[in-house]
Amino acid sequence: MFLSIELATIIEKLILIVIVVMGSLVVAMYTTFAERKVAGWLQDRPGPNRAGPFGMFQPLADGLKLFFKEEIIPNFSSKALFVMGPALAMMTAIMTSAVIPWGDKVHLFDRDISLQIADINIGILYVFGVVSLGVYGIMIGAWASNNKYSLMGGLRAASQIISYELAMGISIIALLMFTGTLSLKEMVLQQQAGHWNIIYQPLGFLIFIICAFAECNRTPFDLAEAESELIGGYHTEYSSMKLGFYLFAEYINMFISSAVMASLYFGGYDVPFFNEAAHADMGNWLALIGLGAFLIKIVIFIFIFMWVRWTVPRFRYDQLMHLGWRILIPLALFNMLATGAAILYFGK
Amino acid sequence: MGITTISFILLSLMAVGSGIMMILSKNPVNSILWLIVLFFAISGHYILLNAQFLAIVNIIVYAGAIMVLFLFVVMLMNLNAESEPAKNHRLQLIAIISGGSLLLILLSAIMTVKEAHPVMVAAGNAGLIKTLGKVLFTDYVLPFEISSVLFLSAMVGAVVIGKKD
């Protein structure tokens, strides 16, 4: 029976799940703060600085404010779906964290605890599947609002995510041809000792990061909520914490996609210029250092997300489709062909 | 009763229940959402059979892409019970007869199965990506290549249509 699991493993995984989910929530909370600080910095103004030292408690104040706002459910909306929308957005945002290898093994209580919730052998496909489900939260919420602007936003989100999924999938195929595995853990292990995939797949990474921006609905691709044309896009009718969930899900998505990019292309928890194998006697500290390196890589990616948001203006919708279908897909196909040819010529 | 049997029963209940709900829903959007639940139940069955690749591909292709397009179309046309033209009784009668004969054929097919394997667990690894890949690239290489050419041409076609503004 392959489903029989011992009790200790269940407890261990439960604790790990709680830590990872709570961790991503806290990180997302402070990402909202960091976003406003970075925006202030790029626009030469101080940013939030009133609540606590350096405005540290701003996210708490924001959260409290959202909780105390009046909650409005429009009369003509289908209520169950209206509530389901933000819940689904949040759920799909958090689900991806299950397969990310946050670090190496930790030795505690005479047990080797892997800092990864589930090392399934189809890890990258799981990420891809959950990402493709992410659009439902937006679409269902948009449709249930019974508002033309919301519906437009939802339809835009759907066509945008489907279009960019294609290029993303093809760029991942090139990576898979190179690594020969679907498990994120194994990909990270292959990249130890500085052989990061970015060296071999620069074009693939470029396509992947552009698609990640589009899948997260981040500027310059946030057409689903383009304020200048659609008021608030898919969340026009939302208020209080339901709106908060939508906004928050975006930041969690950003955090998780940064983690995916760091583990696919930038070595995951591999510390650059540091030979882990030679310092095996450090035990748990080694795993913690790895975790720290991974988090630093994630923070750098999140900063890039913000940097682009406050630098590049929003695309027009036809420009978005043009970029997705006529530039990224042919480029991704070329990248796949070139990778195949290189593997054939040089061998693995 | 082992955990596999319990999950098999739960998943089957989920599949049949969501299938019935999909047919009974008045609103087409709700029908689509129940159909998505049904796909999840089927993916759960694939996982019980140790076919993780099939399970996740089922979700990516059906729940993640095809159903999004369905939802897209239904939302864009704003289909619902009020705007639906009333079907006349002759059409309904014909639909009942054809649906009933399909049910008869399916029932007879099920009845003729001699040996039933309600739950076949984990013994096979036919659904794992390694096995599947080997079979696809040896025994079924020609159909596989033909279908991949078909997919590539569909993709190129989409790009070409996009080019004609």
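Author: A polar contact is a pair of N or O atoms within 3.5 Å; within protein, one must be able to donate a hydrogen and the other to accept it, and residues adjacent in sequence count only if both atoms are side-chain atoms. By that rule, chain B and chain A share two residue pairs in polar contact, both at pLDDT 80 or more. This is a predicted model, so local features need pLDDT of at least 70 and side-chain atom pairs count only at 80 or more, while totals for chains, interfaces and linings use all residues. Residues are numbered from 1 along each chain as its sequence is written, chains are lettered from A and ligands numbered from 1 in the order written, and side-chain values use heavy atoms, with hydrogens and water left out.

Reader: Which elements of chain B make up the side that touches chain A?

Author: H1 (3–24), H2 (28–48), H3 (52–77) and H6 (141–163) of chain B each give two or more residues. These are helices because they are DSSP runs of H or I with at least four residues (strands: E, at least two), numbered from the N terminus. H3(B) has the largest share, 15 residues. That side of chain B splits into 28 nonpolar, nine polar and two charged residues. Here Ala, Val, Leu, Ile, Met, Phe, Trp, Tyr, Cys and Pro are nonpolar, Asp, Glu, Lys and Arg charged, and the others, Gly among them, polar.

Reader: What is the area buried between the two chains?

Author: About 2800 Å², with 82% from carbon and sulfur atoms. That's the accessible area (1.4 Å probe) the two parts lose on being put together, summed over both. In contact terms (heavy atoms within 4.5 Å), 39 residues of chain B meet 30 of chain A.

Reader: What makes Glu35(A) and Arg309(A) a salt bridge?

Author: Their closest N and O atoms are 3.0 Å apart, and the cut-off is 4 Å, so the pair qualifies. Glu35(A) sits in H1 (7–42) and Arg309(A) in H12 (284–309) of chain A, 274 residues apart. The structure holds four salt bridges over all chains.

Reader: Why is one space called a cavity and another a pocket?

Author: On a 1 Å grid over the protein atoms alone, a cavity is a set of points where a 1.4 Å probe fits but cannot get out, whereas a pocket is an open set with protein on both sides within 12 Å along at least five of seven lines; lining residues have an atom within 4 Å of a point. H11(A) gives the largest share, seven residues.

Reader: And what is the volume of the largest pocket?

Author: About 2600 Å³, that is, the space filled by probe spheres set on grid points joined across faces, edges and corners. Among the lining residues closest to its centre are Leu125(A) and Phe144(B). H6(B) gives the most, 11 residues.

How values were computed:
Salt bridge = Lys/Arg side-chain N within 4 Å of Asp/Glu carboxyl O.
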